[in-house]
Amino acid sequence: MKNIPLLLMGCGGVGRQLLQHIVSCRSLHAKQGVHLRVVGVCDSKCLVVAPDVFTAELDDSFLLEVCRVKSNGSPLLTLGNFGACQVFTSPDVLLKVTDIGGLLGKSTGLAFVDCSASAETIGVLNRVVDFGCCVVLANKKPLTVSMDDYDKLVSQPRRLRHESTVGAGLPAIASLNRIISSGDPVYRIIGSLSGTLGYVMSEVEDGKPFSQVVSAAKSLGYTEPDPRDDLGGMDVARKALILARLLGRRINLDDMKIESLYPEEMGPDVMPLEDFLANGLPLLDKNIEDRIKQASANGNVLRYVCLIDDTRCEVGIQEVPKDSALGRLRGSDNVLEIYSRCYEKQPLVIQGAGAGNDTTAAGVLADILDIQDLFPQPSVVHRGH
């Protein structure tokens, strides 16, 4: 059985779902000859580690207890009494995590999994890459930092997987990498990469007021607690930047044109959430309605998209043909159209659920299994006849 030591940063929705997937897939992975040995789990305040990172692991009952404790909003610290583990608290967490990366990276190897939503992890990630660890990301922020930090992180491309940073479990990154490595030049990518904004744009097309649709999306749990986190376009911009950098574009977030669906004077720093929902949102209805009519007159529909080509990398509302994959998009699916020499007239279209903790965690798990060939085979004992 091949053992893959694993350390998880981030116990939010995706991190907890990943732990549950690992536990529930034990028999499947055993058939594939792989065992994921979880040696540590941490959030921003606390790290729990197996008693001996070289030989021991946090067992399945412990991992499920992590999920239960964090779901209830309790701190990881409470797990100190639950089973055999070492507990470290801030400010030692990142230091200790880096130590484990050094110990295991140079001996057995380590899958370092970042399911946090923090920009603070980039320092640790760049250190553990040097130690020979593999890095698997659901967290977009480490890939959207300055080019210097980015270059360091991607300096060992075989040891980095980040499929779930764009389109959750959809094979967007893998497909793009295959096209690029085959020497087929990609000259245009256009996609709807926010389930929230995809839902909003397809609903307003049916004649519903923008404010009503956003409120409905919030009550359905499609948006962040403050919908402006979705409507500002920053999440889509990060995904677009990750794709653009894969194509070799050396740009930063500051270089991108990002259209926000609300004006600055309605921003979180200026207008309280309740005020925005009750009074700000309705003021945005007319502009969206006018733009929908204009698009319709041109035989098009509006979508909030990322657009990457030779000269542009931008996100915002664009008119797209009604009969295109993007134009036919309904609900919260993600859609990516990739145009290249081989996919010139008919783009390669990748479509499916592009959000959700379950889908995202499944993508992370697939990435972890995808790097198993980088870990040493269990040693075989030869017996004499």
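Helix α4 takes in residues 93–105 and α5 residues 122–130; they pack at an angle of about 15°, and their axes are 9 Å apart. On the α4 side, the contact (heavy atoms within 4.5 Å) uses Leu94, Val97, Thr98 and Gly101, and α5 brings Val124, Arg127 and Val128. Sorted by type, the residues of this contact come out as four nonpolar, two polar and one charged; here Ala, Val, Leu, Ile, Met, Phe, Trp, Tyr, Cys and Pro count as nonpolar, Asp, Glu, Lys and Arg as charged, and the others, Gly among them, as polar.

Bear in mind that this is a predicted model, where local features need pLDDT of at least 70, side-chain atom pairs count only at pLDDT 80 or more, and totals for chains, interfaces and linings use all residues. Residues are numbered from 1 along each chain as its sequence is written, and side-chain values use heavy atoms, with hydrogens and water left out.

Now hop over to the loop between β1 (2–9) and α1 (13–24), where you'll find Gly10. Gly10 counts as buried because its relative accessibility is 9%; the cut-offs are under 20% relative accessible area for buried, over 50% for exposed and partly exposed in between (1.4 Å probe, protein chains only). Beyond its neighbours within four places in sequence, Gly10 touches Gly15, Cys42, Cys115 and Ser116. Gly12 sits in the loop between β1 and α1 too, but is partly exposed, at 34% relative accessible area.

Key
Helices (H or I, at least four residues) and strands (E, at least two) are DSSP runs, numbered from the N terminus. Axes are lines fitted to C-alpha atoms, for helices over the stretch in contact, and angles run from 0 to 180 degrees between N-to-C directions.
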